[in-house]
Amino acid sequence: IAKLDHAFSNPASNAFAKSLLFGTKTDMSSSLKTAYQQLGILHIIAISGMHLDILFKLLEKCTRWLPNQPWARWTKLVTLLLLVWSYTIIAHAGPSIVRASLFFSTILIGRFFHLNIFSLNTISIGIMLVLLYNSQIITGIGLQLSYAAVVGIHFFYKPLLQLLPMDNQLLRIAWNNLSISIAAQLTTLPIILYYFHTSSSLSII
């Protein structure tokens, strides 16, 4: 945070960088937070699965050079788990990032033991562990939206993607990202409308 204070002199940029990297929103103006909420993109500045997914993929790429030996596989597993959970703690271990960390940890351990990874089982393990820790958390809007988005992506992303096969690589990338957004919106929209009585169509874009 001290390094960010030194790098970003502009207060708005400084506050955005802190929220984007560490989930620290104390310096962000309430009007900006409200704007993000109205646009339906508050998840961009809430440390969650999206942030951890980027970090996770980068870390995996960094460990690809390791040989396929038992010691190397153990090294990769322990290193990735330590880094994922270290970042979780640095980002104040908010509910959304803890859920994401549980999800990625389950995937890592499953792959390590050559188990058949079924997405719904992975999602269910995360929910079960969270509820064992605190059963009342099921009433939290954040948890409901988080898991609704993941379930939506699991069920609807591939069918949507296959609706419009693209030959052009740029169009394929654009449709790929749009399909993920639409898939997540399909399952989160009912919850958003129930709690907030409003939604923004711009959030898909």
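Within what distance do the axes of helix α4 and α6 come, and at roughly what angle do they cross? I looked this up to begin with, and the axes of α4 (residues 49-62) and α6 come within 9 Å and cross at roughly 35 degrees. For the record, axes here are lines fitted to C-alpha atoms, for helices over the stretch in contact, with angles running from 0 to 180 degrees between N-to-C directions. Helices are DSSP runs (H or I, at least four residues), numbered from the N terminus.

I note that this is a predicted model, in which local features need pLDDT of at least 70 and side-chain atom pairs count only at pLDDT 80 or more, while totals for chains, interfaces and linings use all residues. Residues are numbered from 1 along each chain as its sequence is written, and side-chain values use heavy atoms, with hydrogens and water left out.

**Entry: α4 and α6.** I find that α4 passes α6 in a right-handed crossing, a term used if the near helix is turned clockwise from the far one by less than a right angle. On the α4 side the contact (heavy atoms within 4.5 Å) is made by G49, L52, D53, F56 and E60, and on the α6 side by I97, A100, S101, F104, L108 and R111. Sorted by class, the contact of α4 with α6 has six nonpolar, two polar and three charged residues. In this sorting Ala, Val, Leu, Ile, Met, Phe, Trp, Tyr, Cys and Pro count as nonpolar, Asp, Glu, Lys and Arg as charged, and the others, Gly among them, as polar.

**Entry: α5 and α6.** I then turned to helix α5 (residues 70-90), which packs with α6 (residues 95-112) at an angle of about 175 degrees, their axes being 10 Å apart. That makes α5 roughly antiparallel to α6, the word being kept for angles over 145 degrees. Among the α5 residues that meet α6 are R73, W74, L77, L80 and L81, and the α6 residues in this contact include I97, L108 and F112. The residues of this contact divide into 13 nonpolar, three polar and two charged.

**Entry: the core.** Which residues have the most contacts inside the largest nonpolar core? I find L52, I97 and L108 in that position, in a core of 15 residues, where a core is a set of buried Ala, Val, Leu, Ile, Met, Phe, Trp, Tyr and Cys residues joined through side-chain atoms within 4.5 Å. Each of α4, α5 and α6 supplies at least two residues of this core. Residues up to four places away in sequence left out, L108 touches F56, L77, L80 and L81.

**Entry: α8 and α9.** The axes of α8 and α9 come within 7 Å and cross at roughly 140 degrees, which makes α8 oblique to α9; the crossing is right-handed.

In α9 (residues 169-196) I looked at S179, which counts as buried (under 20% relative accessible area) because its relative accessibility is 0%. Beyond four places in sequence, S179 touches Y157, L160 and L161.

In α8 (residues 141-163) I looked at I153, which at 30% relative accessibility counts as partly exposed, that is, between the buried limit and the exposed one, which is over 50%. With neighbours within four places in sequence set aside, I153 is in contact with I180, A183 and A184. K158, also placed in α8, is exposed, with a relative accessible area of 57%. K158 and I180 are 22 residues apart in sequence and 8.8 Å apart in space, C-alpha to C-alpha.

Note on methods:
Angles under 35 degrees count as roughly parallel, over 145 as roughly antiparallel, 65 to 115 as roughly perpendicular and the rest as oblique. Buried means under 20% relative accessible area, exposed over 50%, partly exposed in between (1.4 Å probe, protein chains only).
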